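Reader: I have a model open and two ligands to look at. Can you walk me through it?

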Amino acid sequence: MTAGTQDARRRAFVTGITGQDGSYLAEMLLAKGYEVHGLIRRSSTFNTSRIDHLYRDVHDEQSNLFLHYGDLSDGSRLATLLDSIQPQEVYNLAAQSHVRVSFDEPEYTGDATGLGAIRLLETIRMIGLHCRYYQASSSEMFGATPPPQNETTAFYPRSPYGAAKVYAYWVTRNYREGYGMFAVNGILFNHESPRRGETFVTRKITRAVARIAAGQQTELYMGNLDAIRDWGYAPEYVEAMWRMLQNDEPSDYVVATGTKYTVRDFLSTSFDRVGLDWEKYVKFDPRYLRPTEVDALIGDPSKARDVLGWTPKVHAPDLARLMVDADIEALKHEGRPWIDTVTWA
Ligand code: NAP
Ligand code: F7E
């Protein structure tokens with residue numbers, strides 16, 4: 001079958017499919033029988049390691065994952081793709097998603113993370129595509145507003161990334177209210193996994209723990225250890241995204257565990273897993289501080305529980321342990337692709 005030709009399968013278009021969430025979402029949608037179309041950026045080196053295990057040759061009749069070159073900065077390409085694929089569901093997960101990096105690349109972050117959303121929304125409106133749209137909004141939008149944070153909490157972003165996400169949040173709501181689009185914001189708190197990018201704090205820690213335990217590293221340089229986060233498990237969070245698009249009414253939802261954990265707690269639990277004392281290895285480096293920090297994010301996921309029936313099962317201590325175990329496993333496969341296994345309901 002040619003990519004996108006019509007059959008009974010539901011079609012989803014996923015931007016950011018090569019990222020942590022995109023890979024789990026694609027895996028889950030394929031397990032549910034969807035035809036999945038992913039947007040990937042042209043890169044001089046392969047950037048598909050998180051989804052290679054899902055990919056089958058396009059000449060294979062059973063293939064139901066299709067990858068398309070494109071970029072959120074390229075509106076005409078988005079129009080061509082969406083018009084030819086005609087997906088029923090669009091998940092906008094692509095972003096320059098690193099908060100610290102957004103201070104170094106504020107303009108680019110605004111373009112990809114903020115304007116990228118309106119390029120997609122306006123494309124959908126212009127070509128008259130009847131689809132449901134998911135926007136990857138973030139707890140970073142709450143920034144300096146104290147916890148607990150829910151759907152009615154005021155935004156006070158503390159980074160170019162947070163500000164760009166606020167823009168994307170509001171245009172998503174605007175297209176829902178102005179044009180009657182089924183467009184929703186998932187306001188997701190930090191969620192992690194063995195597939196988390198290596199420069200986010202959890203993965204930086206668990207990867208270092210595995211390497212220190214194996215004698216391949218002797219110290220770990222970190223920034224602010226006092227930050228409080230509400231860390232959940234990414235495969236559970238992509239399930240919440242999907243549920244938002246299956247609900248009768250479009251609405252916005254906080255997705256979180258409702259529990260607090262500091263960076264220091266995460267360090268302690270991770271080093272404990274291999275029987276080491278974190279204080280002997282961790283050193284301070286101011287380069288990992290941000291010009292403005294988000295001190296505390298703790299979500300209240302009551303609405304997602306009550307309306308979507310979504311509840312988190314994995315909390316920060318178990319998450320730290322499973323990520324350390326996965327990084328120990330990954331070290332054994334260094335140089336070869338390694339992917340954690342997830343069982344989808
Ligand atoms: P991630 O691992 O950093 O993945 C980001 C994805 O976006 C990658 O596939 C990346 O492609 C793609 N991308 C970046 N710039 C692009 C552009 N200009 N055009 C097209 N694609 C582009 O992020 P994640 O953790 O999976 O998060 C998914 C989404 O949720 C992001 O929007 C993030 O901001 C948001 N979010 C994440 C969290 C969290 O805790 N993980 C919480 C709240 C919200 P390459 O692989 O080529 O770089
Ligand atoms: O930092 C502190 C740092 O970079 C967490 C993104 O997915 O979640 C993520 O943003 C905390 C911060 O994530 C280091 O200062 C200390 O307080 O893992 P992070 P983030 O900034 O919370 C939100 C919800 C998103 O939407 C984003 O896309 O840890 N921290 N020392 C450090 N952080 C890093 N990266 N590296 C350190 O060495």
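**Core and ligand sites**

Author: The largest nonpolar core has 37 residues, and L29, V36, Y91, Y134 and M244 have the most contacts inside it. A nonpolar core is a set of buried Ala, Val, Leu, Ile, Met, Phe, Trp, Tyr and Cys residues joined through side-chain atoms within 4.5 Å. Buried means under 20% relative accessible area, with a 1.4 Å probe and protein chains only.

Reader: Which element gives the most to this core?

Author: That is α7, with eight residues. Helices (H or I, at least four residues) and strands (E, at least two) are DSSP runs, numbered from the N terminus.

Reader: And what is Y91 in contact with?

Author: Leaving aside neighbours within four places in sequence, Y91 is in contact (heavy atoms within 4.5 Å) with residues including F13, L25, L29, Y134, W242 and L245. Apart from this core lies another, of 24 residues, with L225, W231, Y261 and A320 among them.

Reader: What should I know about the source?

Author: This is a predicted model: local features need pLDDT of at least 70, side-chain atom pairs count only at pLDDT 80 or more, and totals for chains, interfaces and linings use all residues. Residues are numbered from 1 along each chain as its sequence is written, chains are lettered from A and ligands numbered from 1 in the order in which they are written, and side-chain values use heavy atoms, with hydrogens and water left out.

Reader: What pLDDT does the chain average?

Author: The average is 95, and 97% of the residues score at least 70; pLDDT is the predictor's confidence in each residue, from 0 to 100. Over residues 1-6 the pLDDT is below 50. Where pLDDT is low, the predicted coordinates should not be read in detail.

Reader: Ligand 2 next. Which residues are closest?

Author: S97, S138, Y161, R290 and E293 are the closest of the 22 residues that surround ligand 2 (a heavy atom within 4 Å). An oxygen atom of ligand 2 is 2.6 Å from an N or O atom in the side chain of S138. The protein covers 96% of the 700 Å² of accessible area that ligand 2 has on its own, by the Shrake-Rupley method with a 1.4 Å probe.

Reader: How many residues surround ligand 1?

Author: There are 25, and the closest are T18, D21, R41, S97 and Y161. β5 gives the most to this shell, with three residues. A nitrogen atom of ligand 1 is 2.9 Å from an N or O atom in the side chain of D71. Ligand 1 exposes 910 Å² when taken alone, and the protein buries 89% of that.

Technical notes
Buried means under 20% relative accessible area, exposed over 50%, partly exposed in between (1.4 Å probe, protein chains only). A polar contact is a pair of N or O atoms within 3.5 Å; within protein, one must be able to donate a hydrogen and the other to accept it, and residues adjacent in sequence count only if both atoms are side-chain atoms.
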